[in-house]
Amino acid sequence: MKNLIAGNWKMNGSLSDAIKLTQDIVECIQESPQLLEKNDFLVCPPFHHLIPVQGELTAVVALGGQDCSPFDNGAYTGDVSAAMLKDSNAEYVILGHSERRTYYSESNLMVKQKAMMANESGLKTIICIGETEEEREAGKVEDVVGRQLAESLPETAAAENTVIAYEPVWAIGTGKSATPADIAAVHDFIRSELGQKIEEGADKIRILYGGSVKPSNAAEIFAVNNVNGALIGGASLKAEDFLGIARA
Ligand code: PGA
């Protein structure tokens, strides 16, 4: 399976920064088309940059949102529906990112409702799970990750529409990535849990690692069994670093 190299731009940059970054990414891929043999690319800009970014993208880079509403339509001020994302040509949506779980108290149930909406609207979900530092130190990684997975995945989840991102909270934006051995243990665990939860094709679901991925550590992370790509924050804001990770 190809690696998915996914950029989560978070709440960064102006419209002109987003356009420039998109143009740089497209140009880098055009200069190194061999990268497409082993990688699929995705960028997830802020909502209001989706359409202008889409205008600069070529078919080889997919577009995604960073969140969506758990509701389908109507009086939900500030929300953006999954159908609206789809209508903006998004193919993916990131759900349950630890920043949303932390700052907006998003529960597994909320993530599941959003994922159901996303699947019903024809979007693929990237469902984020991961433990905090305290939970890791208390030896609760499998408990936490197992529960998040069991409670966040909707009944609509299938091999074709679901990606899992394992992002240990303590590794996000800290420069402190998990070790290959830690990543291997959790990714193997997630793979086996998926096998219990999804009837067909659980082995085809991509499991991304996220948390301080950069060109200098990407090769060792991608060498880990059951790592099928990366969800990249900080390093996705520079085309050179984003593509440097794919080159690894
Ligand atoms: P980071 O963020 O690469 O900046 O650690 C990853 C993420 O939040 O998805």
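**Around the ligand**

Modeller: Let's start with H97, which has a polar side-chain atom 2.6 Å from an oxygen atom of the ligand. That is a polar contact, a pair of N or O atoms within 3.5 Å. Keep in mind that this is a predicted model, where local features need pLDDT of at least 70 and side-chain atom pairs count only at 80 or more, while totals for chains, interfaces and linings use all residues. Residues are numbered from 1 along each chain as its sequence is written, and side-chain values use heavy atoms, leaving out hydrogens and water.

Now turn to E167: an N or O atom in its side chain lies 2.6 Å from an oxygen atom of the ligand. With S212, the backbone takes part instead, as one of its polar atoms is 2.8 Å from a ligand oxygen. On its own the ligand has 280 Å² of accessible area (Shrake-Rupley method, 1.4 Å probe), and the protein covers 95% of that.

Stepping back, you will find 13 residues around the ligand (a heavy atom within 4 Å), and K10, H97, E167, G173 and S212 come nearest. Sorted by class, this shell holds 7 polar, 4 nonpolar and 2 charged residues, with Gly counted as polar.

Notes:
A polar contact is a pair of N or O atoms within 3.5 Å; within protein, one must be able to donate a hydrogen and the other to accept it, and residues adjacent in sequence count only if both atoms are side-chain atoms.
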